Amino acid sequence: DWFLKEVYQEGTILPEGAKLQMLRNYAAPMILISASGDMDRGKSEQLLPKMIGRQNVFIMIVNYVSPGSNAGLLLNNKRTHSGLKSMAKIKKYDVFSDHANLNRLQKWLSNQDKNVELYIVHSSEKNAQDVIKILKSEGWQKTNGTKIGGIIKIK
C-alpha cells in the first residue's frame, strides 16, 4: 500500500501528471541513460526497437540484468522477446552495479541486531536460498525469501 493503486495496476511509478516526450528517430548518434527494468519496461522497452537496428548505436548496460530479460538476451547475442536482433554495439560494465554482493551485505549486517527479520527479495530463487542458508549459519535465524509476486506481511 505504499503507492497509488494505479501503480500496481499499470506497473508504473511516474508522478501524477508527469509529461513524457514522444519518441523520435534521431539521425545522429545518441546516448541513452536508463534504468528501466532490464529493457523490458518503461522507455527502454519503447526505445529498444528504434535503437538496436542501428550500427551507430552503442548500448552500455551498467547494472545487473537477468539473463532472460531483453538486456540479458542482447548481451548473449540473442533476439529480444519481440524477436528483434541487434545491430548495435552492446557492452556490460559491472563497475556501475548498485546491487550489493554477499560480502557487502554481510559487512552491512555485521552492525545490526541478529534478531530482526530479513527478507531476500532481489535475487534468483536459487541464489536467494544460498544467501539465506549462509546468513542462517551466521546467526540470522529469521532470514526468509519470497517468490516472484509474493507478499511480505510485516508484523
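User: Thanks! In what order do the elements of the protein run from the N terminus on?

Analyst: They run α-α-β-α-β-α-β-α-β. That comes to five helices and four strands. Keep in mind that this is a predicted model.

User: Good to know. How much of the protein counts as buried?

Analyst: Of its 155 residues, 19% count as buried. The protein exposes about 12,100 Å², and carbon and sulfur atoms supply 56% of that area.

User: And what share of the contacts join residues at least 24 apart?

Analyst: Among contacts between residues at least 6 apart in sequence, the share is 60%.

User: Let's move to the strands. In which sense do S1 and S2 pair?

Analyst: In the parallel sense, over four bridges. S1 covers residues 58–61, and S2 covers residues 89–92. Within that pairing, Met60 stands opposite Lys91, while Ile61 has Lys92 as its bridge partner.

User: Which residues of S1 are on the covered face, and which on the uncovered one?

Analyst: Ile59 and Ile61 form the covered face, whereas Phe58 and Met60 form the uncovered one. As background, side chains in a regular strand alternate between the two faces of the sheet.

User: Now I'm curious about H3. Is Asn70 buried or exposed?

Analyst: Asn70, which lies in helix H3, is buried, with a relative accessible area of 7%. It falls in that class because the cut-off for buried is under 20%.

User: What does its side chain reach?

Analyst: The side chain of Asn70 reaches the backbone oxygen of Met39 at 3.0 Å. Leaving aside residues up to four places away in sequence, Asn70 touches Asp38, Met39, Asp40, Leu48, Thr80 and His81.

User: Where does Arg41 lie?

Analyst: Arg41 is in the loop between helix H1 (5–10) and helix H2 (42–51). Arg41 is exposed, at 55% relative accessible area.

User: How far apart are Arg41 and Asn70?

Analyst: In sequence they are 29 residues apart, and in space 9.6 Å, C-alpha to C-alpha.

User: Changing topic: how many salt bridges does the structure hold?

Analyst: The structure holds one. The side chains of Asp130 and Lys126 meet there, at 2.9 Å from N to O.

User: Why can side chains like that pair?

Analyst: In general, side chains of opposite charge can pair when their charged atoms come close. Here, the 2.9 Å between Asp130 and Lys126 counts as a salt bridge because the cut-off is within 4 Å.

User: Which helix do those two lie in?

Analyst: Both Asp130 and Lys126 lie in helix H5, residues 125–137. They are four residues apart, which is about one turn of the helix.

User: And how exposed are they?

Analyst: Asp130 is partly exposed, with a relative accessible area of 31%. Lys126 counts as exposed, at 57% relative accessibility.

Definitions and conventions:
Residues are numbered from 1 along each chain as its sequence is written. This is a predicted model: local features need pLDDT of at least 70, side-chain atom pairs count only at pLDDT 80 or more; totals for chains, interfaces and linings use all residues. Side-chain values use heavy atoms; hydrogens and water are left out. Two strands pair if DSSP finds at least two bridges between them. Buried means under 20% relative accessible area, exposed over 50%, partly exposed in between (1.4 Å probe, protein chains only). A polar contact is a pair of N or O atoms within 3.5 Å; within protein, one must be able to donate a hydrogen and the other to accept it, and residues adjacent in sequence count only if both atoms are side-chain atoms. Contact means heavy atoms within 4.5 Å. Accessible areas come from the Shrake-Rupley method with a 1.4 Å probe; for residues, only the protein chains shown count as cover.
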